[in-house]
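The sequence and structure come first.

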Amino acid sequence: MSGWEGWITFIEDCCRNRSAPDIREGGVSEAKWLFRLGDRDSGAMWAASPGFPAIADGDAAKMSSASTGDDMSIFGAPPPPYSFLRAVDCDSCMVLTGKDKTIPGRMCYVSRTETAVMICLVDITNINKGAEGNALDAFSYGIGQVKENGV
């Protein structure tokens with residue numbers, strides 16, 4: 001145990017509680033949330049949800065830099081199996097948005113705080129623009145809560 005596991009539970013709870021009914025448990029577009037927390041510069045993993053797939057530290061660092069617009073090379077050469085679309089300016093953070101090219105309905109969101117990078121994979125049962133937007137809103141809210149609590 002690294003001591004960071006509690007932050008995985010914290011952001012997962014924030015995202016679930018912020019989600020619209022259609023992507024909550026039992027909703028028509030039910031979402032399953034997975035998170036990876038690590039060092040914002042090196043990408044070294046501190047904690048992750050059970051079942052979170054392996055992402056190389058260097059790839060996590062590249063995602064971290066892209067989430068703030070510092071390194072845009074990820075759009076031309078993303079780490080497999082992801083494809084990234086854009087960095088979105090949300091209320092409390094910038095979020096890199098993308099998709100897994102091998103798992104239908106799996107979105108990838110990346111954002112960073114003063115010290116950390118959070119990578120979120122959210123599997124949406126019946127993917128549509130409304131569900132994607134709601135998941136992005138819930139993730140950005142969760143990142144805001146993490147930042148407010150000093151990570």
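Strand 6 (residues 116–124) is mostly covered, with 9 of its 9 residues buried, that is, under 20% relative accessible area with a 1.4 Å probe, protein chains only. The model is predicted: local features need pLDDT of at least 70, side-chain atom pairs count only at pLDDT 80 or more, and totals for chains, interfaces and linings use all residues. Residues are numbered from 1 along each chain as its sequence is written, and side-chain values use heavy atoms, with hydrogens and water left out.

**Faces of strand 6**
- Ala 116, Met 118, Cys 120, Val 122 and Ile 124 are buried on one side, and Val 117, Ile 119, Leu 121 and Asp 123 are buried on the other.
- In a regular strand the side chains alternate between the two faces of the sheet.

**Neighbours of strand 6**
- Strand 1 (residues 31–39) is joined antiparallel to strand 6 by 9 bridges, and Asp 39 has Ala 116 as its bridge partner.
- Strands 5 and 6 form a hairpin with 3 residues between them.

**Sheet**
- The open sheet has 6 strands in the order 2-1-6-5-4-3, with antiparallel pairing; strands are DSSP runs (E, at least two residues) numbered from the N terminus, and two of them pair if DSSP finds at least two bridges between them.
- Strand 2 (45–48) and strand 3 (82–89) are the edge strands, each pairing on one side only.

**Helices**
- Helix 2 (residues 57–67) packs on the sheet, and strand 6 is among the strands it touches; contact means heavy atoms within 4.5 Å, and helices are DSSP runs (H or I) of at least four residues.
- Helix 3 (residues 129–148) also packs on the sheet, touching strand 1, strand 3, strand 4, strand 5 and strand 6.

How values were computed
Axes are lines fitted to C-alpha atoms, for helices over the stretch in contact, and angles run from 0 to 180 degrees between N-to-C directions. Buried means under 20% relative accessible area, exposed over 50%, partly exposed in between (1.4 Å probe, protein chains only).
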